[in-house]
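Here are my notes for your first look at this one. Keep the viewer open and find each spot as you read.

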Amino acid sequence: MASTSYKVIGTRPIRHDGTDKVTGRAQFGADIQLSGMLFGAILRSPHAHARIKSIDISQAESYPGVHAVVTGTDLPEQQQKVAHLGEGDVNLYHLSQNVLARQKVLYKGHAVAAVAADDIHIAQEATQLINVEYEVLPPVLDVLEAMQDEAPVLNDDVRTDSMAGEESKDPTNVAKHYFYEKGNIEKGFEAAHVVIEREYRTSTVHQGYIEPHNATALWNQDGQITIWTSTQGSFMVRQQMADLLKLPESRIKVVPMEIGGGFGGKISVYLQPVAALLSKKSGRPVKLVMDRASVFEATGPTPGSYIRVKMGADREGKLTAAEAYVAFEAGGFPGSPVVCACMCIFACYDVPHGRINGYDVCVNKPRSNAYRAPGSTHAAFAAESVVDEICERLEMDPVEFRLKNAAQEGTRRVDGVQFARIGMKETVEAIRDSEHWKSSLEGKYRGRGIASGFWFNVGLKSSVTAMLAADGTVSLLEGSTDIGGTRASLSMQLAETLGIAAEDIKPAVVDTDSVGYNDVTGGSRVTFSTGIAVHNAGLEMRRQLIERVANIWEVKVEDVQYEDGKVRGPGGKEFTFRELAAKIHATGEPITVKGTSGSENQAGAFGTHCVDVEVDPETGKVDVLRYTIAQDCGTAIHPAYVEGQMQGGAAQGIGWALNEEYVYDEHGAMRNATFLDYRIPTCCDLPMMDTIIVEVPDPQHPFGVRGVGEVPIAPPPAALVAAIYQAVGVRMRELPASPPRLLHQILQR
Amino acid sequence: MAKKRIVTTTINGKETQFLCQPRQTLLEILRDDLALTGSKEGCSNGNCGACTVLCNGKAVNSCLILAVEAEGAEIETIEGVAPVDGLDSLQDAFLQQAALQCGICTPGFIMSAKALLQEQPDPSEEDIRFNLAGNLCRCTGYDKIVRAVQDAAAARQQV
């Protein structure tokens, strides 16, 4: 499509950090070794809800090999204050309580104290010598129960904050109420020929990155703090550290290590402030690494939810109205992505009349965090499932229905935002035209489903520095941590801008003292927004090169053209990029340029998925036979990594749909906090994943990039339950559609 | 604390002695004492496969082996896979296929795949999926990993 005129964009070079990652040399967070380093361990709450009456650390402190013990009181007291972390806001009072509990523990696994010792075993033993006296309180684990007046209240400081500004008088678990309305909902439903209203439930699920959280801190004798950590946002870690420790940001340097997956779960700090406190107390660098059970019990997850959706359509299948009630389990502290769910839930369609209510509700589960298109998967599961039922009732092809109702440029969402140029329709057409959709699916207990999904994709701020070397290569310093190949996608954009090879760019992700400010790696923003910064840097480098060559040739700047990595002047004068680079040092100052970007938002992106399943009616097990993903990514910079994002996101959505869930006992303890029992897809569970890259360029980006990472997780659950319905005739309205749940439904039928 | 033991093994072709406590895993010794941090710790209970090494030619989770059990064993880690002057065909195939995103699981996958190709030089897709099911990847959806192993198998057949 649009990419045909590009030389680098659309090709598939080897990623720059590839060799380090296939040889084991890449340094991830837990790999760091520092001179004199101590190892830390965290004591976590065994209770889901309890008041801390006292903490006695004296025995742990005197245990041989122990150098420091800290508790919540070592953190400065916080006032209620909201910090903006780029892609989301966080209340510092709650964040501080989450890092180390003070008066109360709000979920099993809540951090209470920490120890630094000569080795990890001593540190772990010493945590068992910390004596915490708890007054155990009844937990509340379910979102609807937590909304009841008689439910145990988690946070004394939480009142319902509604968009009208009014607050509830008494402490409550309902932290937020969002409300959006468009048109006249009653009129819309009156005009409908068919109205479907259904309730949906989704379980708590985890991002499931393979690398556990980690942080190594050195609180140096000069007061400077260095943090080595794997994070989606080194500048966000610096900001949270400064806020939590009440220090100026200039005192803190964050060194981003390679990050072993994040998916939204590695933005908030957990261990970083604790490692810093332990280092301050011990005078030594301290490394903290979570074990897997703690990752499940104390980080992530994405909320469990209750969603009620009502949609109406006329005889021709045109949507007339849509209404949703969305309640999310925020976990111990407020801040679920329910607002995003509200904005996404009907985003795929042109809904003339709509109303959405959303509730952010505290329950005794880990404080929830972003997970890939946060809130959109829950929303798509509910809304797309209702759409599937409408199609059935109208005897209408689900592709035709989507084409008839697809949101497009100019469509106003229920939350008021009007779409710029988007490619929802194009993704549906891509599925319609795919081999998969055109093929026939035969066999008993087999079914096919499709579903669409949306994510906003953000812009936000980025900075890069580019430095020309005399051999014609360019070093690129970035602050966007590389979570899945963005060194490559950014280098390719700089190479395209300069007209040189991707291999001639040398990218490095550097610390917070060594590059300008960068917002988080999230929101599908890096290839988009840091890409704009890189393009700007490339343009500035071109400008300086033209100026230089004009000087060398003694001609006017206007008479020099920069094209395809060459400069051309009057009379057939010409230098290649490499020839010119070799003359830089002899002819003037070094060429070092910066590029920045700061757009608010992208146009938004859509995907449509098609899946074939076979259900075993004896066991309720679902086999995914075939899977096709069509997604509008604007322009694919490195198509292989674009495909990879689509495949990986869909795989997470499949896991969410079919297996993944937190299983709790009545005391609020998670009973499956291992990768054996919390079952993410293995390669035996998935087929090859076909991808169709749809390219509707986003005009805000010089190459049309739209961002790709988040959308693909949203459609799978809805597509899978539609396919399951076709296969065995039961509608799964509760996730996961795991074998026991599905079998139960099959037997009840 | 129990007394430390001296363990003698061969690691990546070189005789190696180390001192360890009986409670330490092979993974802990590799990472913290021998500075072989290419083997990753993802779960410490044998579920994720990120710590996979070859022990006497078999793929094992080094988090489930006590370091003292490595006495006399031949251990191969990700650091021993590449020849001096290039990459192994598996490593090359992972790069060509873009079979990694974050890369934390990659060393484990390469070790498991290496063990597989030693046993079955021409595995079917099903063989590959079955043999790699002990390695978890959360980024890729496995498609490109399976293709990389297929490519590596083909490349090895050609040599």
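1. First, a reminder: what you have on screen is a predicted model. Let's begin with chain A, which has 20 helices and 29 strands. Its radius of gyration is 27 Å, close to the 27 Å that the globule rule gives for 749 residues, so chain A is as compact as a globular protein of that length. If you want its dimensions, the C-alpha trace spans about 85 × 75 × 50 Å along the principal axes.

2. How much of chain A counts as buried? The figure is 66% of its 749 residues. Have a look at the contacts too: taking those in chain A with a separation of 6 or more, 79% are between residues 24 or more positions apart.

3. Now zoom in on Ile267(A). You'll find it in the loop between strand E14 (252–256) and helix H8 (272–282) of chain A. Is Ile267(A) buried or exposed? Its relative accessible area is 11%, and buried means under 20%, so Ile267(A) is buried. Setting aside neighbours within four places in sequence, its contacts are Gln232(A), Met236(A), Gln240(A) and Val520(A). As for Gln124(A), that residue is 143 residues from Ile267(A) in sequence, and the two C-alpha atoms are 26 Å apart in space.

4. Next, two helices of chain A: H11 (residues 376–394) and H12 (residues 398–405). Their axes come within 10 Å and cross at roughly 115°. H11(A) and H12(A) are therefore roughly perpendicular to each other, and H11(A) passes H12(A) in a right-handed crossing.

5. Over to chain B, for helix H3 (residues 106–119) and helix H5 (residues 143–158). Here the axes come within 11 Å, with a crossing angle of roughly 40°. That makes H3(B) oblique to H5(B). The crossing is right-handed. From H3(B), the contact uses Phe109(B), Ala113(B), Leu116(B) and Leu117(B); from H5(B), Ile145(B), Val149(B), Ala152(B), Ala153(B) and Arg156(B) take part. Those residues divide into eight nonpolar, no polar and one charged.

Note on methods. Residues are numbered from 1 along each chain as its sequence is written. Chains are lettered from A and ligands numbered from 1 in the order in which they are written. This is a predicted model: local features need pLDDT of at least 70, side-chain atom pairs count only at pLDDT 80 or more; totals for chains, interfaces and linings use all residues. Side-chain values use heavy atoms; hydrogens and water are left out. Axes are lines fitted to C-alpha atoms, for helices over the stretch in contact, and angles run from 0 to 180 degrees between N-to-C directions. Helices (H or I, at least four residues) and strands (E, at least two) are DSSP runs, numbered from the N terminus. Angles under 35 degrees count as roughly parallel, over 145 as roughly antiparallel, 65 to 115 as roughly perpendicular and the rest as oblique. A crossing is left-handed if the near helix is turned anticlockwise from the far one by less than a right angle, and right-handed if clockwise. Contact means heavy atoms within 4.5 Å. Ala, Val, Leu, Ile, Met, Phe, Trp, Tyr, Cys and Pro count as nonpolar, Asp, Glu, Lys and Arg as charged, and the others, Gly among them, as polar. The radius of gyration is taken over C-alpha atoms; the globule rule is 2.2 Å times the number of residues to the power 0.38. Buried means under 20% relative accessible area, exposed over 50%, partly exposed in between (1.4 Å probe, protein chains only).
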